[in-house]
Amino acid sequence: MMIEGREGLVQPTEKSDYDAALKVFRDGDYKGAQASFQSFARRYPNSVYLPLAAFWSGNAACALKDYKTAIPIMQDMIKVYPDHPKVAEAMLVIANSQLESNQKAPAKKAYQDLVAKYPDSEAGGIAKQRLTTIK
């Protein structure tokens with residue numbers, strides 16, 4: 001099965017478990033979503049869904065304003081899956097988390113890196129706008 005550019009075998013309950021964790025996120029239970037995605041990663045350590053599980057777990061941490069957790073989750077996701085389609089969005093979460101943590105210099109660099117690497121992406125466009133507001 002091919003999931004966002006990654007190919008692999010999917011166990012019978014794997015997709016439904018991933019979908020259930022994503023539903024928890026979409027329902028706004030970010031703490032529950034983090035726990036669900038972490039549990040998913042432990043249960044399916046070789047899953048083609050792992051980059052997405054990491055991405056949504058990092059987003060959940062960001063939504064909880066737990067930037068110290070969100071940033072390394074996204075950094076690891078980018079490091080392990082550098083060609084994943086969600087990398088630009090993960091870079092945006094990192095930059096936004098840094099900005100929200102009052103780390104203006106790292107945030108500015110992260111936005112600049114995002115614009116340089118993904119200038120035509122939606123995340124790149126958002127980064128361009130944010131760069132104009134950082135003093």
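1. Asn102 lies in the loop between α5 and α6 (104–117). Helices here are DSSP runs of H or I with at least four residues, strands are runs of E with at least two, and both are numbered from the N terminus. The backbone of Asn102 deserves a look: phi is positive, about 65°, although Asn102 is not a glycine. Asn102 has a relative accessible area of 60% and is therefore exposed. The classes are buried under 20%, exposed over 50%, and partly exposed in between, with a 1.4 Å probe and protein chains only.

2. On provenance: this is a predicted model, in which local features need pLDDT of at least 70, side-chain atom pairs count only at pLDDT 80 or more, and totals for chains, interfaces and linings use all residues. Residues are numbered from 1 along each chain as its sequence is written, and side-chain values use heavy atoms, with hydrogens and water left out.

3. Lys65 sits in the loop between α3 and α4. Its relative accessibility is 60%, so Lys65 counts as exposed.

4. Helices α1 (residues 14–26) and α2 (residues 30–43) pack with axes that come within 7 Å and cross at roughly 160°. Axes are lines fitted to C-alpha atoms, for helices over the stretch in contact, and angles run from 0 to 180 degrees between N-to-C directions. The two helices are therefore roughly antiparallel. The angle classes are under 35 degrees for roughly parallel, over 145 for roughly antiparallel, 65 to 115 for roughly perpendicular, and oblique for the rest. The crossing of α1 and α2 is left-handed, that is, the near helix is turned anticlockwise from the far one by less than a right angle (clockwise would be right-handed).

5. Who meets whom between α1 and α2? From α1 come Glu14, Asp17, Tyr18, Ala21, Leu22, Val24 and Phe25. From α2 come Tyr30, Gly32, Ala33, Ser36, Phe37, Phe40 and Arg43. Contact means heavy atoms within 4.5 Å. By class, this contact has nine nonpolar, two polar and three charged residues. Ala, Val, Leu, Ile, Met, Phe, Trp, Tyr, Cys and Pro count as nonpolar, Asp, Glu, Lys and Arg as charged, and the others, Gly among them, as polar.

6. Two residues show this contact in detail. Leu22 lies in helix α1. Its relative accessible area is 9%, so Leu22 is buried. Beyond neighbours within four places in sequence, Leu22 is in contact with Phe37 and Trp56. Ser36 lies in helix α2. At 23% relative accessibility, Ser36 counts as partly exposed. Leaving out residues up to four places away in sequence, Ser36 touches Ala21 and Val24. Ser36 and Tyr18 are 18 residues apart along the chain, with C-alpha atoms separated by 8.4 Å.

7. Helix α4 (residues 67–80) passes a length check: at 1.5 Å a residue, its 14 residues should span 20 Å, and its end C-alpha atoms are 20 Å apart, which agrees. The expected span is 1.5 Å times one less than the number of residues. Which residues of α4 are buried? They are Tyr67, Ala70, Ile71, Ile73, Met74, Met77 and Ile78. An α-helix has 3.6 residues a turn, so residues three or four places apart point the same way. The cover over the buried residues of α4 includes α3 (50–63) and α5.

8. The axes of α5 (residues 87–100) and α7 (residues 122–131) come within 9 Å and cross at roughly 25°. They are therefore roughly parallel. The crossing is left-handed. Ala88, Glu89, Leu92 and Asn96 of α5 make the contact with Ala123, Ile126, Ala127 and Arg130 of α7. The residues of this contact divide into five nonpolar, one polar and two charged.

9. Helix α7 also packs on α6, with axes that come within 8 Å and cross at roughly 140°. The two are therefore oblique to each other. Their crossing is left-handed. On the α6 side, the contact uses Lys108, Tyr111, Gln112, Leu114 and Val115. On the α7 side, it uses Ala123, Gly124, Ala127, Lys128, Arg130 and Leu131.
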